[in-house]
Amino acid sequence: MKLFGGDDMSLFYEDEKVTLLKGDSPELMKEIADESIDVIITDPPFFLSNGGVSVQSGKQVSVNKGDWDSAELTDPEEFYSNFLDEARRVLTKDGTIMVFGTMHNIYLVGYLLQKKEWKILNNITWQKTNPAPNLSGRMFTHSTENIIWARKDAKKGKHIFNYKLMKEYNGGKQMKDVWSSATVSRKEKEFGKHPTQKPEWIMERLVEASTSVDSIILDPFVGSGTTAVAAVKHGRRVIGIDLSEEYLEIAEKRIQKAEEDINLF
C-alpha cells in the first residue's frame, strides 16, 4: 500500500492492509498524497498533562501522559488548526473525519471545524460506566468522551454511512449518538497499554459505520493501534502514525494477533 512518499526510515511496519509510520504526525502527514484517504479516525492529544492527579485501579496517579500531551510545549489551537488543514488536503472529496475529545479540547476542535467550513454530521457521546472518581469533590465526575464526525465538504458530499447496518446492530431501531460501556478490558491490554487507549468495539463501530471495504483509513495518532486493529478485523486498509516506538511495538503485536485470529476461520 504505497500512499506515503516519505523515506524508508519512517516505515515501522507494513503488510497487505496496514502501514505504520514512526515520526512526528504533522510532518509525516505532509508526505501523504492529496485526496488519497477516505476517512480519518483518530484520538489526538488532549493536552491534559498539567501535573494533576487522577485515580487508577483505586490508586492516586499522575495525569501526565508524556511531552506529546503537554500544552506547555505546544499551542493547542495552532496544533489542531494545522492538523485539520492537513486532514482536509489528504481526504477525498467525500471524505470524513472522526475526532475524539473531552470537555478540555472538544469545543476547540469543534470551533475550528466550523471556522474551516467542515460539515459537522454528529457529536457522538461515549458514556463510561466505570469512570475514575473525581478527587476534588467540587464538580460532577467526568464520565464522557465525545467523537465529532465531520465531512470535508460542508455544502455537498456523498459520505459513507452504513445506516442499515447500524440499525441492524441496534435491534432494528435507528442507532443514537450516545453509547455506553466500560473502559478498555484487560484482554485488550495483553501486549501493553496506552494511557488514552479506547475500547476496540468503539473503533470497530466507527469503522463499520463510516467506511466500505474499499476505503483507506488514516489514524495520525495511532498509539497502541486500536484503529488499525478495527480496520484489520473488517478488511479495511489503514495507515497509522505515531511518535512512540513503544506504542508502535504494541500496535504491531495487536495487529498481528488480529490477523492471526482472522486466518483461523
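How many of the five residues of strand S2 are buried? Let's start there, and keep in mind that what we're looking at is a predicted model. In S2, which covers residues 18–22, the count is four of the five, so the strand is largely enclosed by the rest of the structure.

Who are its neighbours? On one side of the story there's strand S1, residues 11–14, which runs antiparallel to S2 and is joined to it by three bridges. To get from S1 to S2, the chain makes a hairpin through three residues.

S2 and S11 run parallel, with five bridges between them. Here you can look for Val 18, which stands opposite Val 238 in S11.

Okay, on to the aromatics. There are eight aromatic pairs in the structure. Take Phe 83 and Phe 221: the ring centres are 5.4 Å apart and the planes sit at 70°, so we call this pair edge-to-face. What I like is that it links distant parts of the chain, 138 residues apart. Phe 83 belongs to helix H2, residues 76–90, while Phe 221 is in the loop between strand S10 and helix H6. Both Phe 83 and Phe 221 are buried.

One last thing to find on screen: Arg 205 lies over the face of Trp 179, 4.6 Å from the ring centre.

Terms used:
Residues numbered from 1 in each chain as written. Predicted model: local features only at pLDDT ≥ 70, side-chain atom pairs only at ≥ 80, totals over all residues. Heavy atoms only, no water. Phe/Tyr/Trp six-rings, centres within 6.5 Å; stacked < 30°, edge-to-face > 60°. Helix = DSSP H or I, 4+ residues; strand = E, 2+ residues; numbered from the N terminus. Buried < 20%, exposed > 50% of the residue type's maximum accessible area, 1.4 Å probe, protein only. Lys NZ or Arg CZ within 6 Å of the ring centre and 35° of its normal. Pairing = 2+ DSSP bridges.
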